Amino acid sequence: MTPETVVRLVAEPDRLRVLGAVALGAATPDAAVTASGLGPKAALVALRRLREQELVVAEGDVLRVDYDRLRELARATSPAGDGDGGEVGFRPFLRGGRLVSLPAQQGRRRDLLRHVAERSFTPGVDYPEVAVNERLRAWCDEGEVDHVTIRRYLVDLRILSRADGVYRLGPEPAGEPGRAERHVRAMGLG
């Protein structure tokens, strides 16, 4: 079971009501039906689904919420529990594949922006600014941060390099050297 499974499971009102009834002490299926306020069929279907997913367990004849399992899932969503490609550790800042805010802590911000860049750009490929904006805009829809700010951070943190309006993932120079860079090299300084 994943945290997403739990959310989908309790997003259905009948299951949430039955889960609440068990959490508040309904120790039998009949008690869960009564406490949930649902009809018997709806409550028992919801209870069966909760038990299939092992969110509600039976110890003998007594139903209970498996709080140990919930704590385990909660730990999996901490920044250290980065089990699905980085998304879990950035949960407060990413929702539905969208960047909703940036961490205040610089190290976490850098890690999050590296995560965004690695999923948006291919190493060694040059991208014109229009393509960079398009890819970053997809991350910023409905968030508090705009794509221009993200692009600026990516360059400032050297996650993306930029030269003459061409961007590349990584600190190596993108595209051909600019006029100033060519001049510096011609003088033997670079």
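Q: Are Phe 121 and Tyr 127 buried or exposed in this predicted model?
A: Both Phe 121 and Tyr 127 are buried, and buried here stands for under 20% relative accessible area.

Q: What makes Phe 121 and Tyr 127 an aromatic pair, and why is the pair called edge-to-face?
A: Two rings pair if their centres lie within 6.5 Å, and planes over 60 degrees apart count as edge-to-face. By this rule the count comes to one aromatic pair. The ring centres of Phe 121 and Tyr 127 are 5.1 Å apart and their planes stand at 70°, so the pair is edge-to-face.

Q: Why is helix 6 called roughly perpendicular to helix 8?
A: Helix 6 covers residues 106-120 and helix 8 covers residues 147-156; their axes come within 10 Å and cross at roughly 105°. An angle from 65 to 115 degrees counts as roughly perpendicular, so helix 6 is roughly perpendicular to helix 8.

Q: Which residues make the contact between helix 6 and helix 8?
A: Helix 6 contributes Arg 109, Leu 113 and Ala 117, while helix 8 contributes Ile 150, Tyr 153 and Leu 154. Sorted by class, this contact has five nonpolar, no polar and one charged residues.

Q: Why does Leu 99 count as buried?
A: The cut-off for buried is under 20% relative accessible area. Leu 99 has 0% relative accessibility, so Leu 99 counts as buried.

Q: Where does Leu 99 lie, and which residues does Leu 99 touch, not counting residues up to four places away in sequence?
A: Leu 99 lies in strand 4. With those neighbours set aside, Leu 99 touches Phe 93, Leu 94, Leu 112, Trp 139, Cys 140, Gly 143 and Ile 150.

Q: What makes Ser 101 buried?
A: Ser 101 sits in the loop between strand 4 (98-99) and helix 6. Its relative accessibility is 16%, and buried means under 20%, so Ser 101 counts as buried. Leaving aside neighbours within four places in sequence, Ser 101 is in contact with Pro 92, Phe 93, Leu 112, Glu 144 and Val 145.

Q: How do you know that Val 145 counts as buried?
A: Val 145 has 11% relative accessibility, against a limit of under 20%, so Val 145 counts as buried. Its place is in the loop between helix 7 (129-140) and helix 8.

Q: How many residues apart in sequence are Val 145 and Ser 101, and what is their C-alpha to C-alpha distance in space?
A: Val 145 and Ser 101 are 44 residues apart in sequence and 6.0 Å apart in space, C-alpha to C-alpha.

Q: Why is Val 33 called buried?
A: Val 33 belongs to helix 3 (residues 29-36). Its relative accessible area is 12%, which falls under 20%, so Val 33 is buried. Apart from neighbours within four places in sequence, Val 33 is in contact with Leu 38, Gly 39, Pro 40, Ala 43 and Leu 44.

Q: Why does Glu 54 count as partly exposed?
A: Buried is under 20% and exposed is over 50%, with partly exposed in between. Glu 54 has 42% relative accessibility, so Glu 54 counts as partly exposed. Glu 54 is found in the loop between helix 4 (40-52) and strand 1 (56-59), and has a positive phi of about 60° although it is not a glycine.

Q: What makes Arg 158 exposed?
A: Arg 158 has 52% relative accessibility, and exposed means over 50%, so Arg 158 counts as exposed. Arg 158 is placed in the loop between helix 8 and strand 6 (160-163). Phi of Arg 158 is near 60°, a positive value in a residue other than glycine.

Q: What part of the protein chain do buried residues make up, and how many helices and strands has the chain?
A: Buried residues make up 36% of the 190 residues in the protein chain. The chain has nine helices and seven strands.

Notes. Residues numbered from 1 in each chain as written. Predicted model: local features only at pLDDT ≥ 70, side-chain atom pairs only at ≥ 80, totals over all residues. Heavy atoms only, no water. Axes fitted to C-alpha atoms, helices over the stretch in contact; angles between N-to-C directions. Helix = DSSP H or I, 4+ residues; strand = E, 2+ residues; numbered from the N terminus. Parallel < 35°, antiparallel > 145°, perpendicular 65-115°, else oblique. Contact = heavy atoms within 4.5 Å. Nonpolar A, V, L, I, M, F, W, Y, C, P; charged D, E, K, R; others polar. Buried < 20%, exposed > 50% of the residue type's maximum accessible area, 1.4 Å probe, protein only. Phe/Tyr/Trp six-rings, centres within 6.5 Å; stacked < 30°, edge-to-face > 60°.
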